[in-house]
Amino acid sequence: MELDARIPSGRLEEKWDLRLREGHLVGPNNRRKYTLLVVGSGLAGAAAAATLGELGYRVHCFCFQDSPRRAHSIAAQGGINAAKNYRNDGDSVWRLFHDTLKGGDFRSREANVYRLAQLSNQLIDQCVAQGVPFAREYGGTLATRSFGGALVSRTFYARGQTGQQLLLGAYQALERQVQAGQVCMHPRTEMLDVVVEDGRARGIVVRSLVTGGIRSLAGDAVLLATGGYGNIYYLSTNARGANATAIWRAHRRGAAFANPCFTQIHPTCIPASGAHQSKLTLMSESLRNDGRVWVPGRAGDVRAPRDVPEDDRDYYLERRYPTYGNLAPRDIASRAAKEVCDQGRGVGPGRRGVYLDFSEAIRRLGEHVIRERYGNLFEMYEQITGENPYRVPMRIYPAVHYAMGGLWVDYDLQSTLPGLYVLGEANFSDHGANRLGASALMQGLADGYFIAPNTICDELARQGPRSNKVDGPAFRDAEREVKSKLERLLGCRGARTVDDHFRELGALLWEHCGMARNERGLTRALERIPELRSAFWQDLRLPDTGEELNQSLERAGRLADYYELADLMCRDALERRESCGAHFREEHQTLDGEAKRDDENFAHVSVWAHRGDRAPPALHKEPLAFEAVAAETRSYK
């Protein structure tokens with residue numbers, strides 16, 4: 001496999017401009033001849049579909065929700081980064097680039113990260129023009145706050161509802177193009193395969209989640225914007241319906257998968273309360289601006305938090321990372337929380353929690369200020385736990401949140417399967433081994449509004465418009481394979497439910513490929529996953545048929561893909577014999593418990609190619625070169 005990232009030559013600051021200048025264009029009168037299929041309608045998908053429709057292309061947009069407004073992007077709380085430097089605190093495009101590259105532990109491409117920082121300021125202008133109600137200072141200027149991994153305030157926000165407000169902006173732009181006839185929406189529709197014809201992605205096979213009907217659509221290019229695969233752990237902060245089927249089926253058709261073991265654990269989530277839960281709830285990282293994280297100083301201390309005096313409290317992030325304190329990056333803060341809980345100093349039921357305490361901030365600023373900044377988040381916490389965080393500290397614990405890994409893409413966001421573009425969390429490109437907070441919204445919108453619409457035209461101009469007929473053998477074969485898999489699932493006559501199998505896989509991954517990994521655990525997981533997969537196919541019970549609404553069938557198909565992805569994740573984690581970012585191999589750590597990178601042997605993107613069901617995947621490597629910034633040892637102390 002040839003991995004050509006197609007990064008433009010020249011100085012880092014000039015690469016994106018050079019790419020725009022040298023790319024082929026499609027004339028305005030010719031764009032209506034092209035049909036583009038956008039799968040996903042979150043920030044990346046809605047932004048791409050709206051922008052491409054505005055440019056004049058014929059666009060079909062698909063989502064499995066009943067409306068684009070229900071995309072998981074709506075759940076993002078804390079904010080979106082941009083290098084506007086409104087606070088005059090030393091921020092710049094270069095500093096945002098450096099913080100992002102360092103935050104990812106130098107496991108991402110310099111050129112991609114710098115482009116993201118460049119585009120960040122345009123994103124804020126775009127969203128303000130759409131009417132996104134960002135928070136403002138008393139004088140009317142846009143407000144910003146700090147996030148983990150940065151010493152400046154560059155995060156723009158709309159209370160704790162930033163994702164919702166940004167999605168509404170993209171949704172309104174999308175609906176405008178729907179009304180204009182440029183975009184055709186396909187809600188309650190799930191993509192189940194990519195159709196490959198003459199070595200190119202030529203269409204998709206979809207299933208109606210209402211009627212169960214299977215059909216194909218053809219296009220000149222396919223854009224996947226279907227989010228990440230964090231739900232493979234069963235319990236995560238992702239919406240229950242979020243899944244990896246679209247990118248995994250594309251992987252099986254020839255799109256290489258990059259860095260699958262890079263999954264992020266978020267430190268600020270409401271702890272699990274019991275086996276009945278099907279998901280976990282995120283509490284925004286922005287809370288760590290004013291909340292202080294602590295645990296009792298000695299193991300087994302069961303006193304109520306108000307009864308623990310200051311001298312008996314361990315503000316462990318402030319103690320271990322005095323420069324960044326409670327705003328240490330997510331991977332570091334998560335491992336630190338696990339460490340103190342493993343020492344027996346955790347709080348709450350099961351002793352798997354730490355305190356996030358606002359009492360000092362309330363005394364210093366007043367409750368009304370905290371209510372203005374975080375009121376809806378406090379209300380959500382109280383509704384879920386029954387505890388008033390204005391009176392008692394929140395209890396938090398790390399949980400699976402984001403996938404840095406995803407389908408491999410070049411600088412143009414095109415995968416190794418020609419004609420298939422991958423946007424947002426579904427690709428691997430910008431975050432390396434750890435995503436900094438408030439960067440997911442930045443990447444999704446940058447990919448959708450500015451990058452894909454500008455890069456896809458080069459390939460379209462070279463190829464020319466194609467026929468949209470779906471009666472060729474490639475389409476018939478893909479439909480036949482999809483129907484066969486569904487029939488196999490429906491033919492299972494076991495006794496266990498999908499969720500019963502799913503919990504078992506999730507628990508295995510959390511134990512052996514979660515916050516910490518080691519060779520013995522990963523080897524054990526690779527032995528157990530085929531056993532769990534075999535048990536799934538032999539002892540699965542599904543109700544009803546496939547010719548109607550059947551949510552168990554949907555989840556079963558997604559879980560079948562997760563077994564294969566879980567195997568790849570553990571292979572990747574076992575092969576990467578170093579610690580970097582969220583990938584923490586216990587055998588590779590410093591004397592003080594920090595991640596120990598191996599730049600000599602692992603300064604590369606691990607790129608996996610599917611070779612069929614009977615052969616192990618093939619590993620390829622894209623070397624990472626750091627020319628503008630030295631790959632230093634990451635320190636937040």
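How many residues in the lining of the second largest cavity are nonpolar, how many are polar and how many are charged?

Modeller: The lining of the second largest cavity has five nonpolar, seven polar and two charged residues. Here Ala, Val, Leu, Ile, Met, Phe, Trp, Tyr, Cys and Pro count as nonpolar, Asp, Glu, Lys and Arg as charged, and the others, Gly among them, as polar. This is a predicted model, in which local features need pLDDT of at least 70 and side-chain atom pairs pLDDT 80 or more, while totals for chains, interfaces and linings use all residues. Residues are numbered from 1 along each chain as its sequence is written, and side-chain values use heavy atoms, without hydrogens or water.

The volume of the second largest cavity is about 60 Å³ (the space filled by probe spheres set on grid points joined across faces, edges and corners). Its lining has 14 residues, and N81, G148, A150, R154 and G437 are the closest to its centre. A cavity is a set of points on a 1 Å grid over the protein atoms alone where a 1.4 Å probe fits but cannot get out; a pocket is an open set with protein on both sides within 12 Å along at least five of seven lines, and lining residues have an atom within 4 Å of a point.

The structure holds seven cavities of 30 Å³ or more.

The C-alpha centres of domain 1 and domain 3 are 24 Å apart. Between them, 52 residues of domain 1 are in contact (heavy atoms within 4.5 Å) with 57 residues of domain 3. Domain 1 and domain 3 bury about 4,500 Å² between them, of which carbon and sulfur atoms give 59%; buried area is the accessible area (1.4 Å probe) that two parts lose on being put together, summed over both. On the domain 1 side, R107, I232 and Y233 supply 17% of the area buried against domain 3, more than any other three residues.

Among the 37 residues that line it, L235, A272, Y397, P398 and W510 are the closest to its centre. Helix 10 (367-385), strand 16 (394-403), helix 13 (498-512) and helix 14 (519-538) are the elements that give two or more residues to that lining, and helix 13 gives the most, with six. The lining of the second largest pocket divides into 18 nonpolar, eleven polar and eight charged residues.

Definitions and conventions. Helix = DSSP H or I, 4+ residues; strand = E, 2+ residues; numbered from the N terminus. Domains from an automatic or database assignment.
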